[in-house]
Amino acid sequence: MASLSFGSVITSLFLLTSLLVSTDALALVAKRAPPEGWSYQGCYIDNLTGRVLANRQPNSATNTVESCIAKCIQLGYKVAGMEFGSECYPRSTNADSGVIKCDNAINNGGALASADTECSVACPGNTAQKCGAANRLSIYSNGPLVEQGPVAAQKTGLPGSWQYQGCITEGVGRKVWKYQIINQNTNTATACLSQCQRFGFQAAGLEYGAECCKFGAQVCLPHLSDRW
């Protein structure tokens, strides 16, 4: 049997110890703690009754927990969310990987997922970290996390003789409304109804907050019967 010299044993132990230290160091780097004051709040369900974080940032193919939080800090927000890997704010297709979302609260009655493991998609910029999943957000906040319930439709104080008629669902592959007016920054029920009325329309609808139809803000229709 081949024999090992004392010097060889010492050298082998030294190399093995160095490898272990290097592995531990890499693990610490991969699981970097968020910035001071920020902490992980859990895996939240997105789009249950609406988007839980309102301010979506451009997708990033190098998204990490740190880069998403840094972007939200730069914009003055206290809550950061990563969805579907590259989103720092979410969408639900792989093409959207790398989105960043920011806000100052969890909105629309957002709730924790039944298990934290539902946020299972790796961050593209650091695969040792999790950055949400489809309609799941990895949420971090600076200080206590504020949660706000779903908002209600405005039914009083409407202009003229306008009345709220309820929430309707569009059919698959077809839109209820023919025309749209995009108002990304100041959309309200009053603003939408007033604008539609100025164009002579008798019905109006709002979708996705500041968005119209699939991607817009508000929609108008000449006659209710045209919906069907």
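Let me start with what I mean by an aromatic pair: two rings of Phe, Tyr or Trp, taking the six-membered ring of Trp, whose centres lie within 6.5 Å. Planes under 30 degrees apart count as stacked, those over 60 as edge-to-face, and the rest as tilted. And a word of caution before we go on: this is a predicted model.

With that rule, the count comes to one aromatic pair. The partners are Tyr-40 and Tyr-140, with 5.1 Å from centre to centre and 55 degrees between the planes, which makes the pair tilted. Tyr-40 sits in strand E1, residues 38-45, and Tyr-140 in strand E8, residues 136-142, so the pair ties together parts that are 100 residues apart in sequence. How accessible are the two tyrosines? Tyr-140 has 11% relative accessibility and counts as buried, whereas Tyr-40 is partly exposed, at 34% relative accessible area.

How many disulfides does a search of the whole structure find? The answer is three.

Let me begin with the one that brings us back to strand E1. Cys-43 and Cys-119 form a disulfide with their sulfur atoms 2.1 Å apart. The angle about the S-S bond is 90 degrees, and the link is right-handed. Cys-43 lies in E1, while Cys-119 is in the loop between strand E5 (99-103) and strand E6 (122-123), so here the pair ties together parts 76 residues apart in sequence. Both Cys-43 and Cys-119 are buried.

Next, Cys-72 is joined to Cys-102, S to S 2.0 Å. Which hand does this one have? The torsion about the S-S bond of Cys-72 and Cys-102 is about -80 degrees, so the disulfide is left-handed. This pair links distant parts of the chain, with Cys-72 in helix H2 (residues 65-74) and Cys-102 in strand E5, 30 residues apart. Cys-72 and Cys-102 are each buried as well.

The remaining link is between Cys-123 and Cys-131, S to S 1.9 Å. Its torsion about the S-S bond is about 90 degrees, so this disulfide is right-handed. Cys-123 is buried at 0% relative accessibility, and Cys-131 is likewise buried, with a relative accessible area of 0%.

While we are at Cys-123, have a look at its surroundings. In strand E7, residues 126-130, its bridge partner is Asn-126. E6 and E7 run antiparallel and are joined by two bridges. Together E6 and E7 make a hairpin, with two residues between them.

What about other cysteines? Cys-192 is buried, with a relative accessible area of 0%. Cys-167, by contrast, is exposed, at 74% relative accessible area.

That leads us to the helices. Why would buried residues in a helix gather on one side? An α-helix has 3.6 residues a turn, so residues three or four places apart point the same way. In helix H3, residues 189-198, the buried residues are Ala-189, Cys-192, Leu-193 and Cys-196. Looking down the axis of H3, they fall within an arc of 95 degrees, so they line one face of the helix. After H3 comes Gly-200, which has a positive phi, near 85 degrees.

One last residue, and then I'll hand over. Arg-136 lies in strand E8. Its side chain makes a polar contact of 2.7 Å with the side chain of Glu-118. Leaving aside residues up to four places away in sequence, Arg-136 touches several others, among them Met-82, Phe-84 and Ala-113. The contacts of Arg-136 also include Cys-43 and Cys-119, the two partners of the disulfide with sulfur atoms 2.1 Å apart. Thanks, everyone, and I'm happy to go back to any of these residues on the screen.

Methods: Residues numbered from 1 in each chain as written. Predicted model: local features only at pLDDT ≥ 70, side-chain atom pairs only at ≥ 80, totals over all residues. Heavy atoms only, no water. Helix = DSSP H or I, 4+ residues; strand = E, 2+ residues; numbered from the N terminus. Buried < 20%, exposed > 50% of the residue type's maximum accessible area, 1.4 Å probe, protein only. Arc of directions from axis to C-beta. Disulfide = S-S within 2.5 Å. Polar contact = N/O pair within 3.5 Å; in protein donor to acceptor, adjacent residues only side chain to side chain. Contact = heavy atoms within 4.5 Å. Pairing = 2+ DSSP bridges.
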